[in-house]
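Here is a quick briefing to read alongside the model. Have a look at the fold first, then come back for the details.

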Amino acid sequence: MPYTALPHHARASWLRGRQLAAAAALLAVALQLWGLYRVGGPPQPSWFPSADKGEHALGFAVPVLLILLTLAMRGVDWQSPSSRTSALVIGVFAVHAVVSEMIQHRWYRYRTGDPADVVADWVGIAVGVLLFRLVVQRRSRRAAESLIAS
């Protein structure tokens with residue numbers, strides 16, 4: 001069903017959902033940037049051994065997931081972003097993982113670049129993509145079940 005054919009309340013609800021996803025994605029990116037580029041490193045001592053690797057993975061998984069969800073919410077019937085768009089999102093975050101560690105190593109006095117952090121970032125990107133696919137797959141299955149039921 002095209003967007004314009006929806007009743008007003010359905011359009012408003014869809015738009016609110018997309019705006020909420022976009023706002024959450026922007027907040028996630030802002031928090032990621034703050035975490036990567038703040039002058040002081042992660043809190044010491046860490047919560048548990050290698051906690052910073054989990055923080056790196058989460059810091060990349062959440063923004064990737066939310067950006068892909070925002071892109072998928074282009075219409076009432078969600079559509080996965082094109083392969084090109086998905087590759088662009090993934091590529092930007094993958095390159096940013098490397099660049100952020102290089103910046104920390106080169107220009108921050110009390111921080112160092114860590115190749116293991118890059119790997120954790122890449123794992124986070126993969127987790128974000130997998131979660132996105134699960135959400136879209138589950139939503140598609142629900143839509144198909146509701147069509148069969150009606």
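Which residues are linked in a network of salt bridges? They are Asp52, Lys53, Asp114 and Asp117, where a salt bridge is a side-chain nitrogen of Lys or Arg within 4 Å of a carboxyl oxygen of Asp or Glu. Bear in mind that this is a predicted model, with local features needing pLDDT of at least 70 and side-chain atom pairs counting only at pLDDT 80 or more, while totals for chains, interfaces and linings use all residues. Numbering starts from 1 along each chain as its sequence is written, and side-chain values use heavy atoms, with hydrogens and water left out.

**The overall picture**

- The protein chain has 4 helices and 0 strands, and from the N terminus on its elements read α-α-α-α. Helices (H or I, at least four residues) and strands (E, at least two) are DSSP runs, numbered from the N terminus.
- Of its 150 residues, 29% count as buried. Buried means under 20% relative accessible area, exposed means over 50%, and partly exposed is in between (1.4 Å probe, protein chains only).
- The accessible surface of the protein chain comes to about 9,800 Å², and 68% of that belongs to carbon and sulfur atoms. Accessible areas come from the Shrake-Rupley method with a 1.4 Å probe, and for residues only the protein chains shown count as cover.
- Take the contacts (heavy atoms within 4.5 Å) between residues at least 6 apart in sequence: 73% of them join residues at least 24 apart.

**The salt-bridge network**

- A search of the whole structure turns up 3 salt bridges.
- Asp52 and Lys53 meet through their side chains at 2.9 Å, N to O. Asp52 counts as partly exposed because its relative accessibility is 21%, and Lys53 is partly exposed too, with a relative accessible area of 21%.
- Asp114 also meets Lys53 in a salt bridge (2.9 Å, N to O). Asp114 sits in the loop between helix 3 and helix 4, and Lys53 in helix 2 (residues 51–72), so this pair ties together parts that are 61 residues apart in sequence. With a relative accessible area of 25%, Asp114 is partly exposed.
- Asp117 and Lys53 make a salt bridge at 2.6 Å, N to O. This pair links distant parts of the chain, with Asp117 in helix 4 and Lys53 in helix 2, 64 residues apart. Asp117 counts as buried because its relative accessibility is 4%.

- Asp121 lies in helix 4. It is buried yet has no salt bridge, and the nearest side chain of opposite charge, Lys53, is 8.7 Å away. For charge, Lys and Arg count as positive and Asp and Glu as negative, while His and the chain ends are not counted.
- Leaving aside neighbours within four places in sequence, Asp121 is in contact with His56, Phe60, Ala97 and Glu101.

**Helix 3**

- Helix 3 (residues 83–107) has 25 residues and reaches 35 Å from its first C-alpha to its last, close to the 36 Å expected at 1.5 Å a residue. That expected span is 1.5 Å times one less than the number of residues.
- Its buried residues include Ala97 and Glu101, both of which are in contact with Asp121.

**A nonpolar patch**

- Val119, Val123, Val127, Leu131 and Leu134 make a nonpolar surface patch of about 400 Å². Patches are made of residues with over 30% relative accessible area and no salt bridge: like charges are joined within 9 Å, nonpolar side chains (Val, Leu, Ile, Met, Phe, Trp, Tyr) within 5 Å.
- Leu131 is in helix 4 (residues 115–149), and it counts as partly exposed because its relative accessibility is 38%.
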